[in-house]
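Biologist: Could you go through this chain with me? I would like to start with the strands and then move on to the charged side chains.

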Amino acid sequence: RTIDGKAWTKVNADCGSTSFVVPDLVSGQEYFFRVRAENRFGVGPPAETIQRTTARDPIHPPDPPIKLKIGLVTKNTVSLTWKPPKNDGGAPVTHYNVECLRWDRTGEVKETWKQCNRRDVEETKFTVEDLVEGGEYEFRVKAVNIAGPSRPSATVGPLVVKDQTCPPSIELKEFMEVEEGTDIKIVAKIKGVPFPTLTWLKASPKKPDDKTPVVYDQHVNKIVGEDTCTLLIQQSRRSDTGLYTITAVNDLGTASKEMRLNVLGRPGPPVGPIKFESILADKMTISWLPPLDDGGSKITNYVIEKKEANRKTWVPVTNEPKECLFTVPKLMEGHEYVFRIMAQNKYGIGEPLDSEPETARNLFTVPGPCDKPTVSSITRDSMTVNWEEPEHDGGSPITGYWLERKETSGKRWTRVNRDPIKPMTLGVSYKVTGLIEGSEYQFRVSAINAAGVGPPSMPSDPAIARDPIAPPGPPVPKVTDWTKSSVDLEWTPPLKDGGSRVTGYIVEYKEEGKEDWERVGGELSQHLGTKFVVAGLKEGCFYKFRVRAVNAAGIGEPGEVTDIIEMKDRIVAPDINLDASVRDRIVVHAGGVIRIIAYVSGKPPPTVTWSRDDHALPEEAKIEETAISSSMVIKNCKRSHQGIYTLLAKNDGGERKKNIIVDVLDVPGPVGMPFLTENLTSDSCKLTWFSPEDDGGSPITNYIIEKRDSDHRAWTPVSCTVTRQNATVQGLTEGKAYFFRIAAENIIGMGPFTETTKEIVIRDPITVPDRPEDLEVKAVTKNSVTLTWNPPKYNGGADITMYVLESRLIGKDKF
């Protein structure tokens with residue numbers, strides 16, 4: 001039974017010996033035990049343990065400390081550092097003892113190991129003082145817990161105690177980049193004995209050799225520590241960008257290190273002046289140069305604003321330009337405008353550059369007329385019109401052309417193009433479509449510049465819309481299949497139909513070694529489609545094939561099959577192509593459908609077999625076959641259905657294999673046992689568990705913990721954001737007994753709960769009391785001794801229930 005319980009719990013059903021291991025105890029809990037003997041007449045009275053027993057792992061001294069190192073050495077001190085032991089022996093390390101051993105100049109030990117610290121050393125560092133200058137010493141450290149001191153660490157030394165000297169050295173990162181306004185700490189690690197004198201220098205990025213001392217003020221300050229020198233820059237500015245150099249000097253030498261600092265911020269103003277590349281009545285084109293300072297970040301765009309010269313309010317124009325050129329639209333003729341431009345990067349908008357006032361007005365006239373256009377490439381519904389640019393452009397570049405047409409029998413000109421036709425380097429041409437076959441047309445063209453549309457040209461010579469006709473070009477045939485007596489042909493229509501629709505095709509063949517081509521179906525036969533089967537050929541013979549297209553103008557040039565075909569049954573090795581819905585890897589949620597569709601081809605038709613992980617398919621798998629495909633389907637799939645599914649196709653031409661990886665995702669399995677409780681307090685306990693053996697195919701993202709009182713059935717959530725395999729449950733009630741259950745969760749959902757098998761009672765941990773104090777002998781007789789003592793200062797968290805007295809005879813070892 002537990003010390004605070006009254007009911008006894010039977011531990012075993014049967015025990016034939018006088019020893020027994022009691023399982024399923026709670027770590028840190030205190031227990032009493034009793035044993036009763038049994039014979040054929042019944043069970044005897046119990047024998048009960050007098051002292052309480054705490055269930056815990058045995059405690060022993062810790063392992064030795066590790067990585068003992070020597071730091072600073074002077075003429076009578078040595079600084080030591082070390083790491084805690086890997087194993088604390090089951091109890092926390094309370095302190096460390098540092099020991100030293102002095103050697104004689106002859107190399108012999110002058111003294112034994114002695115403790116150097118007068119008080120307990122609680123940190124993992126210590127400075128040994130009062131050493132003899134010039135003496136040669138070794139050092140070691142022991143860790144101590146409640147079970148006693150550890151074995152000593154590995155020793156360091158022998159070391160001659162004297163003042164150290166070493167030249168300066170510096171550790172400093174080479175580059176730092178921050179945003180403007182950020183406080184900057186440039187930290188340099190300094191070594192050197194004696195400690196060196198430190199100086200900071202700064203140079204401009206454009207003049208790295210021109211270094212000047214850093215001026216210290218409220219903005220920039222230097223802070224020197226025990227082994228560091230920090231340059232502190234508060235509220236950094238773009239002007240702080242530069243190459244910083246720290247120099248360390250002592251009696252043994254000099255060391256320097258450089259670091260490049262880049263402070264990023266808004267760009268500076270663009271470089272002016274703003275130039276007016278073009279001025280019109282309703283728009284102006286302006287240009288500028290990029291800013292000299294881009295703020296340390298790429299210029300993303302420019303912000304342009306405008307205002308009338310006699311007004312104060314700026315109006316946004318655009319923030320889209322990425323280049324240094326923009327046409328400002330929607331201006332009012334005769335009004336005077338001022339423009340300003342600001343560069344922008346990812347840190348903000350820079351200072352503006354203002355232009356001089358400029359008036360919106362036209363500076364040129366409309367262009368002159370073009371020469372008479374010409375017409376070419378005439379068909380039944382289209383013509384191509386060609387012309388040259390006008391001799392006079394009106395003082396402004398030609399930006400486009402309007403093209404007009406009319407039938408020669410009519411009087412009204414109709415515009416052909418919706419948008420202006422762009423000018424070209426050598427003349428301009430435009431294909432006019434939608435004409436009426438047999439009608440006669442004329443065309444004229446007008447040039448456009450910034451001032452408007454010029455006068456039209458002279459009309460072109462009349463031209464009639466009609467097609468020129470010629471025999472069609474050659475088709476492009478190929479052999480798609482063959483047997484021992486037939487060949488399957490297929491062809492694409494000719495690229496050029498000669499201006500007339502193709503009405504049919506002529507298929508011809510000849511046997512190898514002969515000169516004459518034979519027309520399939522007789523001298524007058526034609527075939528309408530683009531596929532044909534040539535039958536009745538001789539087995540074992542070799543043949544060539546060709547196809548001609550026919551239109552109203554006659555028979556076109558032949559298109560010939562390049563290969564010579566031997567008449568025999570065709571063997572094609574198997575080929576497997578997965579359906580577009582299938583990839584080399586399929587991910588399916590549990591309960592879904594695994595469906596793999598593959599298209600299988602080959603001659604003769606291949607035999608198809610399916611397997612999974614080189615074994616037979618699961619019983620739930622169904623195979624569906626068609627003339628061209630084979631499908632494997634598993635409905636309501638499970639995690640056990642995942643694996644590598646293999647489709648194997650075989651025929652006389654060979655075999656082909658295709659692997660498809662199938663992953664089935666599900667909720668995780670139950671978390672693993674056992675559940676361990678530790679760090680039990682009056683209002684909390686720590687739970688530890690093992691991750692599920694099956695994570696459901698997706699990483700565990702969370703653990704959900706619930707609790708319930710032992711006298712209730714309802715579960716209450718404790719936490720739903722636990723990512724490790726342990727958690728401390730807070731907010732429990734002292735003295736109450738609880739059950740806990742835990743479930744793992746992944747992206748699919750939450751797995752089943754695993755419940756603790758025993759209730760956990762919430763209370764502060766109880767330890768053994770301290771030793772009694774002030775033990776005295778009050779009276780002695782020939783066969784008795786009267787003793788008195790005071791209670792211990794600490795009762796271990798529970799009332800003292802009894803005292804145990806022990807004695808031993810002088811000269812004996814045991815009490």
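Biologist: What is the bridge partner of tryptophan 610 in S53?

Modeller: The bridge partner of tryptophan 610 is leucine 647 in S53. Before going on, please note that this is a predicted model, in which local features need pLDDT of at least 70 and side-chain atom pairs count only at pLDDT 80 or more, while totals for chains, interfaces and linings use all residues. Residues are numbered from 1 along each chain as its sequence is written, and side-chain values use heavy atoms, with hydrogens and water left out.

Biologist: And how many bridges join S50 to S53?

Modeller: Six bridges join S50 to strand S53 (residues 643-651), and the two run antiparallel. Strands here are DSSP runs of E with at least two residues, numbered from the N terminus, and two strands pair if DSSP finds at least two bridges between them.

Biologist: What is the strand order in that sheet?

Modeller: The order is S48-S54-S53-S50, an open sheet of four strands with mixed pairing. Strand S48 (585-589) and strand S50 (607-612) are the edge strands, each pairing on one side only. Neighbouring strands of this sheet are turned by 25° against each other on average, direction ignored, with axes taken as lines fitted to C-alpha atoms and angles running from 0 to 180 degrees between N-to-C directions.

Biologist: Where does UniProt place the Ig-like domain feature?

Modeller: The unreviewed UniProt entry places "domain: Ig-like" at residues 167-262 and 574-661; such annotations may be inferred rather than shown by experiment, and their positions are given in the numbering used here, with feature names shortened. Residues 167-262 are 0% helix and 68% strand, with the end C-alpha atoms 31 Å apart, whereas residues 574-661 are 0% helix and 60% strand, with the end C-alpha atoms 21 Å apart. A helix here is a DSSP run of H or I with at least four residues.

Biologist: New topic: what does strand S27 pair with, and is strand S27 mostly covered or uncovered?

Modeller: Strand S27 (residues 336-345) is mostly covered, since eight of its ten residues are buried, where buried means under 20% relative accessible area, exposed over 50%, and partly exposed in between, with a 1.4 Å probe and protein chains only. S24 and S27 run antiparallel and are joined by eight bridges, with tyrosine 302 standing opposite alanine 343 in S27. S27 also pairs antiparallel with strand S28 (residues 348-354) over five bridges, and a hairpin joins S27 to S28 through two residues. In that pairing, isoleucine 341 stands opposite leucine 353 in S28. Two bridges join S27 to strand S29 (residues 358-359), again antiparallel, and there glutamate 336 has threonine 359 as its bridge partner.

Biologist: Now the charges: how many salt bridges does the count come to?

Modeller: The count comes to 27 salt bridges, a salt bridge being a side-chain nitrogen of Lys or Arg within 4 Å of a carboxyl oxygen of Asp or Glu. One of them joins aspartate 293 and arginine 238, with the closest N and O atoms 2.3 Å apart. Aspartate 293 sits in the loop between strand S23 (284-289) and strand S24 (301-308), and arginine 238 in the loop between strand S19 (228-233) and strand S20 (242-250), 55 residues apart.

Biologist: What about arginine 444, which residue does it form a salt bridge with?

Modeller: Arginine 444 forms a salt bridge with glutamate 404, the closest N and O atoms being 2.8 Å apart. Arginine 444 lies in strand S35 (residues 440-449) and glutamate 404 in strand S32 (residues 400-407), so the pair ties together parts that are 40 residues apart in sequence. Both arginine 444 and glutamate 404 are buried.
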